[in-house]
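I opened the model to look up a few things. My notes follow in the order I took them.

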Amino acid sequence: MDPTNEVGVAEGTSDETGQVVYLHGPDDLELREHPVPEPEPGAVVAEIETTNVCGSDIHIAEGRLGDPFLDMVLGHEAVCRITDLGEGVTTDNAGNPVEPGDLVAPVYYRTCNSCYTCAQGEHYNCLNSYSHKTKALEEFPHFHGTYGTHYYIHPDQHFYTVPEELESVPEVAAAANCALSQVMFGLDKAGIEYGDTVVVQGAGGLGLNALAYANERGAETIAIEGAESRLARAEQFGADHLVDMTEHTSVAERIDRVEALTDGRGADVGVEVAGVPEAFSEGVQLLRDGGRYVEMGNINPGSDIEFDPGIITRNSIEVHALVQYDPHYLEKALGFLAETIDTYPYTDLLDAEYDLTDAESALEHSASRDVTRASLVPNP
Ligand SMILES: [Zn+2]
Ligand SMILES: [Zn+2]
């Protein structure tokens, strides 16, 4: 990365400067410096403690999401330490008192509370979620992403205190605002109940979290996965049964296997977190009549697959497709992690730490899967 110094001190900023990793175009990262802003009323300025490399950061940095995700500050998973509270901020969004020095986790998008979907109570669908995300660095409040020394939490962006149990593992808490919150919301939307059989397609970050949550909710869990190392992890994260795709190579064989594990019925709930378009048409066939299916893995439009809609109608399959969550789920997710931090090996998943100046390597090594999950530590 080429470090470049930025503009002078603008209005509403302090004398202190901070750095961000700025994406200029596909695979073109720059470390840029900017004065740290003062928070508006209701906002919070914080120093990043740790921020993780997520699959979507890699896709964005490679330019796969195209415009407007080609000119922006990278990063969305983080925990940060409050440095400056805007006027009127005395608590986090759960009502816990906060002060400078506290470790908090922000939701990565905003909840405006004034758009059409917010007005329907569908906060996970807020139409203004990303209004801050793709702004140029010169635009207030500058620290739009978490790959930086500082971060700006907007007045309509929820944040929650990191529980004590997680203070020594900030990289685990940082991941809560993405994978874990998402799968908890998805499984709750699908009405997961004690005794349900839950089949999870894909044992990456989302899949492992889904297995752990379903397991803690009293479900019987089945993981479908092809990679040996991920199958082993699935077991550590609570999978009761494994379906190895290298053994059960066809869709028909996997349907048979899931039926055999569910007294011939099919699973009550299916979770697609493989991120493969074909997994969707397979997944709805793994369910019992009246089963519920949660689609969260295929997040980018543009793939055509063969699909038979008659299957979901004939079998009365309820489909929930979700890309964000109601922001209070982050508080639940942090609580879940605090309770189960000794039950599941979350820390094993975050296996590499990089300096902010080395963000390029962190992204490269994550893309090539040389590391499972990388963290950036900007203020060591
Ligand atoms: Zn993420
Ligand atoms: Zn809204």
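I count a residue as buried when its relative accessible area is under 20%. With that cut-off I checked glutamate 77, which comes out at 1% and is therefore buried. I keep in mind that this is a predicted model.

**Entry 1: zinc ion (ligand 1)**

I listed the protein donors of the zinc ion (ligand 1). They are Cys54 (SG), His76 (NE2), Glu77 (OE) and Cys178 (SG), at 2.1 to 2.3 Å from the metal. Next I looked at the angles. The four donor atoms subtend 92 to 121°, so I noted the arrangement as tetrahedral. Along the chain, the donors follow the spacing C-x21-H-E-x100-C. Cysteine 54 sits in the loop between β3 (44-52) and α1 (55-61), while glutamate 77 belongs to strand β5 (residues 77-85), so this pair ties together parts 23 residues apart in sequence. I also checked cysteine 54 for burial. Its relative accessible area is 12%, so I wrote it down as buried.

**Entry 2: zinc ion (ligand 2)**

Which protein atoms are the donors of the zinc ion (ligand 2)? I found Cys112 (SG), Cys115 (SG), Cys118 (SG) and Cys126 (SG), lying 2.3 to 2.4 Å from the ion. The angles between the four donor atoms run from 103 to 121°, which makes this arrangement tetrahedral. The donor spacing along the chain reads C-x2-C-x2-C-x7-C. I placed cysteine 115 in the loop between β6 and α2 (116-119), and cysteine 126 in the loop between α2 and β7 (150-153), so the pair links parts 11 residues apart in sequence. Are these two buried or exposed? Cysteine 115 has 8% relative accessibility and counts as buried. Cysteine 126 is buried too, with a relative accessible area of 6%.

**Entry 3: the open sheet**

I traced an open sheet of six strands. Its order is β11-β10-β9-β12-β13-β14, and the pairing is parallel.

I then zoomed in on the β11 end. Strand β10 (residues 220-225) pairs with β11 in the parallel sense, over four bridges. Isoleucine 222 stands opposite histidine 241 in β11. Helix α5 (residues 228-236) lies across β10 and β11, and I noted its angle to β11 as about 165°.

**Entry 4: glutamate 272**

I found glutamate 272 in strand β12 (residues 267-272). Its relative accessibility is 0%, so it counts as buried. I listed its contacts, leaving out residues up to four places away in sequence. Glutamate 272 touches Gln201, Ala279, Phe280, Tyr293, Val294, Glu295, Met296, Gly297 and Asn298. I also took one distance. Glutamate 272 and glutamate 282 are 10 residues apart in sequence, and their C-alpha atoms are 9.5 Å apart in space.

**Entry 5: helix α9**

I checked the span of helix α9 (residues 329-340). Its 12 residues reach 16 Å from first C-alpha to last, close to the 16 Å expected at 1.5 Å a residue. Which residues of α9 are buried? I noted Tyr329, Leu330, Ala333, Leu334, Phe336, Leu337, Ala338 and Thr340. The buried residues of α9 pack against β6 (103-106), β8 (159-161), α3 (170-189), α4 (205-216) and α10 (346-349).

Technical notes. Residues numbered from 1 in each chain as written. Chains lettered and ligands numbered in written order. Predicted model: local features only at pLDDT ≥ 70, side-chain atom pairs only at ≥ 80, totals over all residues. Heavy atoms only, no water. Pairing = 2+ DSSP bridges. Helix = DSSP H or I, 4+ residues; strand = E, 2+ residues; numbered from the N terminus. Contact = heavy atoms within 4.5 Å. Axes fitted to C-alpha atoms, helices over the stretch in contact; angles between N-to-C directions. Donors = N, O, S within 2.8 Å, 3.2 Å for Na, K, Ca; no water. Tetrahedral: all angles 85-135°; square planar, octahedral: opposite > 155°, others 65-115°. Buried < 20%, exposed > 50% of the residue type's maximum accessible area, 1.4 Å probe, protein only. Expected span 1.5 Å × (residues − 1).
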